Amino acid sequence: MVFQHECQGGGIAYTDESFFKVRLFDLVSALARSLDMVSQTLAGHHTNVGFLTSSIAGCYGLSDAEYRNIVLAAMLHDIGAVSLYPAVDSLLFEDDTIKHSIAGSVIISSSKKLQDIPKLVEHHHTPWEELRELDSYYQLSNIINLADFIDVNTRRDRPVQDQIPDLISLCKKHKGTMFNPDYIEALREAESKPHFYPNLRAAHAQTTLNISSQFDEDVLDADGVLDFTGLFATVIDFRSRFTATHSQGVAVTSCVLGRWLGFNEVQQVLFQIAGRLHDIGKLAVPAALLEKNGRLTSEEFAIIQRHATYTEHILSDIPGLEIIRDWACQHHERLDGTGYPHGLSGDDISLGSRILQVADVFTAITEDRPYRKGMDFAQATKVLRQLGDSQKLDPIVVEVLIERYDEINELRCKGQMQALEHFSNYSEVLYSKYGIVVKDVS
């Protein structure tokens, strides 16, 4: 059973690779905003540190390549902390600076387009007196350290212009030991410019960074975006053992369903991207709720439901991902209008979104969770057909999955096993090389 159709979104028909182009910076920016959603404590932190870093780097006179790398590293500098500590409630991360810096470096090293970034993240808390003995490129990470220090110590309930001059003076007391004196001077120069304070707010800082021409040349095709979204999936899945490997399962399942429903090869890659990103909004949901082993209250369920809206907000700011945004954020919509976040129904739900919905339900009910075994063929097909017959899920998509059940389930298991191996390798590197223990997700 194969269906031919046109796949459109945002006015663009993704019929071949040339139509799909996304800036690397926009993806990094979206991931940074996602990290900031984990806790009120983190609100705007990665974007602010990115802006402060760019301000220092601009006044210090770095090359375009150095500027690009240090700003991207700054926007992702605490990705390791978000992965290691599910309940982030302090920017001090339990006063553990070394572990989360190393963890962040290991996570980022998995992305082909960010190969110049990991060491900058690894050393973003290394004191200047140690950094100056290392390679000159690693020394740039002290810019992130300085920017991070300023933002961490800036109170959100007071005007920043009343605080930063004093913080710069405090930094000067640590010049030559904690911070590079030249970087402090570059920060002082940046702070004196008229546009500095108006732009030092998360939304304004984001806009300021976005227009920087240094990022215009880093444009990714579908395969490049798929590679980068591995970082999103890593952060999402490693924060909760209940969702570990889930994103990859949905990605593989929706990709195979797309193939059997007539989507071309580029569009099948888009399904993988949407699958990896569909739960990015769960970063804004408390980890304790995601891992609650018991019935949720109505209030708790309402909080979890918001993750679909958060996913939509995050992906809406990435030009070129319009169709993927819709597929991803609509994975809990239902044909009869009982889903969320918008209560869409019938023809308002595209075939792509319907495929993600079936892939999400199928993966959720067949994968093993720490508190229960996944359903077998008979159980899963019964549930899926019931949802199809009641117009919750698209009955045609459901039947395609059931017709190809063995193939799809085998590929789903293989994809999730690969994701689990990735996590295990990540954990092994952190433990064997650095003695860092990561929670078990098996």
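Trainee: How many residues of the lining of the largest pocket are nonpolar, how many polar and how many charged?
Mentor: This is a predicted model, in which local features need pLDDT of at least 70 and side-chain atom pairs pLDDT 80 or more, while totals for chains, interfaces and linings use all residues. Residues are numbered from 1 along each chain as its sequence is written, and side-chain values use heavy atoms, without hydrogens and water. Ala, Val, Leu, Ile, Met, Phe, Trp, Tyr, Cys and Pro count as nonpolar, Asp, Glu, Lys and Arg as charged, and the others, Gly among them, as polar. By these classes, the lining of the largest pocket has twelve nonpolar, nine polar and seven charged residues.

Trainee: Which residues lie nearest the centre of the largest pocket?
Mentor: On a 1 Å grid over the protein atoms alone, a pocket is an open set of points with protein on both sides within 12 Å along at least five of seven lines, a cavity is a set where a 1.4 Å probe fits but cannot get out, and lining residues have an atom within 4 Å of a point. The largest pocket has 28 lining residues, and those nearest its centre are K282, F301, I304, H332 and R369.

Trainee: Which helix gives the most to the lining of the largest pocket?
Mentor: Helices are DSSP runs (H or I, at least four residues), numbered from the N terminus. At least two lining residues come from each of α17 (287–290), α18 (298–316) and α20 (351–366). With four residues, the helix that gives the most is α20.

Trainee: D360 is buried yet has no salt bridge; which side chain of opposite charge is nearest?
Mentor: D360 belongs to helix α20. Buried means under 20% relative accessible area, exposed over 50%, and partly exposed in between (1.4 Å probe, protein chains only). A salt bridge needs a side-chain nitrogen of Lys or Arg within 4 Å of a carboxyl oxygen of Asp or Glu. For D360, the nearest side chain of opposite charge is 5.4 Å away and belongs to R334.

Trainee: With which side chain does the side chain of D360 make a polar contact?
Mentor: A polar contact is a pair of N or O atoms within 3.5 Å; within protein, one must be able to donate a hydrogen and the other to accept it, and residues adjacent in sequence count only if both atoms are side-chain atoms. At 3.3 Å, the partner of the D360 side chain is the side chain of H278.

Trainee: How many residues apart in sequence are the parts that R33 and D317 tie together?
Mentor: The side chains of R33 and D317 form a salt bridge, at 3.6 Å from N to O. R33 lies in helix α1 (residues 24–36) and D317 in the loop between α18 and α19, so the parts they tie together are separated in sequence by 284 residues.

Trainee: In which helix do E185 and R188 both lie?
Mentor: A salt bridge joins the side chains of E185 and R188, with 2.8 Å from N to O. E185 is partly exposed at 38%, and R188 is partly exposed at 33%. The two residues are three apart, about one turn of the helix, and both lie in α11.

Trainee: What is the value of omega for the cis peptide bond that joins Y340 and P341?
Mentor: P341 lies in the loop between α19 (322–329) and α20. The peptide bond joining Y340 and P341 is cis, and its omega is about 15°.

Conventions: Lys, Arg positive; Asp, Glu negative; His and termini not counted.
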